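The sequence and the structure are shown first.

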Amino acid sequence: MKNTYYHQLLENNKDWVKNKIDKDPTYFEELSKGQKPPVLWIGCADSRVPANQITGTLPGEIFVHRNIANMVVHTDMNMLSVLDYAVNHLKVKHIIVCGHYGCGGVEAAMQNKSLGLINKWIRNIKEVYKENITELNKLDSDKKRFDRLVELNVKAQVYDLAKTSIVQQSWKNETGLEIHGWVYGLNDGIIKDLKVSMDSTAHLDDIFTLDLEKK
Ligand code: CO
């Protein structure tokens, strides 16, 4: 096989390992002992939004789940397994849903183009679009509507996390778990805190509140 970009990735890895060991010979030994990340990150799969780099954090600090448009879909076993493990075993203190302006998934939800299999995933974002159509239609440009739907989608996913029995049980147990909603700007690198954080004092609609016993 000829030397390709693919091979370069493996070379980069060797350089990275050498760099880490030069600075701290026990780096990998220490990291391999276990993880205790304080944060669960639910972000977009977009290659331009890497959780660690944009928050200045290191391996071991953020437990990461990413999918198209940072969705919390209540039938998604992958997301639920990550959430359960992060909350009940790793005992993270914060869950951050991080969306980003210019998100292709959100853009697709605002259009009618049929994209094949992914239509089914995008449909979840379309539901958020529909729920907020009155507010969005008051905005005077497509750009503003797009940006606002990115924010509203993050807010909806924060609320969807609060609807899960996993989060509600954690709140019942008074673990101090907090959920937050952020949006990252691809054009300036700045993270905007949407200030939609929820903790055990959050008021959840009665319809979604589960009767749980403190464990
Ligand atoms: Co995206």
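In this predicted model, five strands form an open sheet of mixed pairing, in the order S2-S1-S3-S4-S5. Strand S2 (62–67) and S5 are the edge strands, each of which pairs on one side only. Neighbouring strands of this sheet are turned by 25 degrees against each other on average, direction ignored. Helix H4 (residues 77–89) lies across S1, S2 and S3 and runs at about 170 degrees to S2.

**Strand S4 and its partners**

Strand S4 is mostly covered, with six of its seven residues buried. Strand S3 (residues 94–100) and S4 run parallel and are joined by seven bridges. Within this pairing, isoleucine 96 has histidine 180 of S4 as its bridge partner. On the S5 side, three bridges join S4 to strand S5 (residues 191–193), and these two strands run antiparallel. There, tryptophan 182 stands opposite aspartate 193 in S5. The hairpin of S4 and S5 has six residues between the strands, and glycine 189 takes a positive phi near 80 degrees in it.

Cysteine 44 in strand S1 and histidine 100 in strand S3 are 56 residues apart, and the pair links distant parts of the chain. Cysteine 44 has a relative accessible area of 6% and is therefore buried. Histidine 100 is likewise classed as buried, because its relative accessible area is 0%.

**Aromatic pairs**

A search of the whole structure finds four aromatic pairs. Two of them are listed below.

| Pair | Centre to centre | Angle between planes | Geometry |
|---|---|---|---|
| Tyrosine 27 and phenylalanine 28 | 5.0 Å | 85 degrees | edge-to-face |
| Tryptophan 41 and tryptophan 182 | 6.1 Å | 80 degrees | edge-to-face |

The planes of tryptophan 41 and tryptophan 182 stand at 80 degrees, and this pair is edge-to-face because the angle is over 60 degrees. Tryptophan 41 lies in strand S1 (residues 39–44) and tryptophan 182 in strand S4 (residues 178–184); the two are 141 residues apart, and their pair links distant parts of the chain. Both tryptophan 41 and tryptophan 182 are buried.

The other tabulated pair belongs to a cluster in which ring pairs link Trp16, Tyr27 and Phe28. Are tyrosine 27 and phenylalanine 28 buried or partly exposed? Tyrosine 27 has a relative accessible area of 15%, which means that this residue is buried. Phenylalanine 28, with a relative accessible area of 29%, is partly exposed.

**Charges over rings**

The ring of tyrosine 27 also has a charged neighbour: the charged end of lysine 20 sits over this ring, 4.9 Å from its centre. A second contact of this kind involves lysine 163, which lies over the face of phenylalanine 208 at 4.3 Å from the ring centre.

How values were computed
Residues numbered from 1 in each chain as written. Predicted model: local features only at pLDDT ≥ 70, side-chain atom pairs only at ≥ 80, totals over all residues. Heavy atoms only, no water. Phe/Tyr/Trp six-rings, centres within 6.5 Å; stacked < 30°, edge-to-face > 60°. Buried < 20%, exposed > 50% of the residue type's maximum accessible area, 1.4 Å probe, protein only. Helix = DSSP H or I, 4+ residues; strand = E, 2+ residues; numbered from the N terminus. Lys NZ or Arg CZ within 6 Å of the ring centre and 35° of its normal. Pairing = 2+ DSSP bridges. Axes fitted to C-alpha atoms, helices over the stretch in contact; angles between N-to-C directions. Contact = heavy atoms within 4.5 Å.
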